Amino acid sequence: MMDNHRLNRGISHEECFCLAKDYEVDLYLRQKWLDERLKKPEMSRPLDLNDPKLVQRIWKPEVFFANAKHAEFQYVTVPNVLVRITPSGHLLYMLR
């Protein structure tokens, strides 16, 4: 049921945005994969990489969103990235 206030003022810009079936989303991307080249059984525990230059040198799957009209990464002064490498060669990559 729609109240009289909404009926009287018409449709707002935000409501038109919804009617067009467009939307925006901020998300945390989390990926896991196995890279046999990084398998190091002599490591005693997982290794977290926090150096952006090291993170850039790690192979990562290319991510895309099918049918996206526009997509961009949030650029901040301190990167919101976590890369964790386990002794078995599994990688966890999290990005905001």
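Tutor: Begin with the rule for pairing: two strands pair if DSSP finds at least two bridges between them. The model shown here is predicted. In it, strand 3 and strand 4 (residues 90-95) pair in the antiparallel sense, over five bridges.

Student: Which residue of strand 4 is the bridge partner of arginine 84?

Tutor: Leucine 92 is the partner of arginine 84.

Student: How many residues lie between strand 3 and strand 4 in the hairpin?

Tutor: Four residues lie between them, and glycine 89 in the turn has a positive phi of about 90°.

Student: How many bridges join strand 2 to strand 3?

Tutor: Three bridges join strand 2 (residues 47-49) to strand 3 (residues 81-85), and the two run antiparallel. Opposite leucine 49 stands valine 83 of strand 3.

Student: How far is valine 83 from leucine 54, in sequence and in space?

Tutor: The separation is 29 residues in sequence and 9.5 Å in space, C-alpha to C-alpha. Leucine 54 belongs to helix 3 (residues 52-57).

Student: Why does leucine 54 count as partly exposed?

Tutor: Partly exposed lies between buried, under 20% relative accessible area, and exposed, over 50%. Leucine 54 counts as partly exposed because its relative accessibility is 43%.

Student: Where is leucine 27 found?

Tutor: Leucine 27 sits in the loop between helix 2 (13-19) and strand 1 (29-34). Its relative accessibility is 38%, so leucine 27 counts as partly exposed.

Student: Which residues form a nonpolar patch with Leu27 on the surface?

Tutor: Tyr23, Val25, Val63 and Phe65 form the patch with Leu27, and together these residues have about 520 Å² of accessible area.

How values were computed
Residues numbered from 1 in each chain as written. Predicted model: local features only at pLDDT ≥ 70, side-chain atom pairs only at ≥ 80, totals over all residues. Heavy atoms only, no water. Buried < 20%, exposed > 50% of the residue type's maximum accessible area, 1.4 Å probe, protein only. Patch = residues over 30% accessible without salt bridge, like charges linked within 9 Å, V, L, I, M, F, W, Y side chains within 5 Å. Areas by Shrake-Rupley, 256 points an atom, 1.4 Å probe, with all protein chains shown as cover. Salt bridge = Lys/Arg side-chain N within 4 Å of Asp/Glu carboxyl O.
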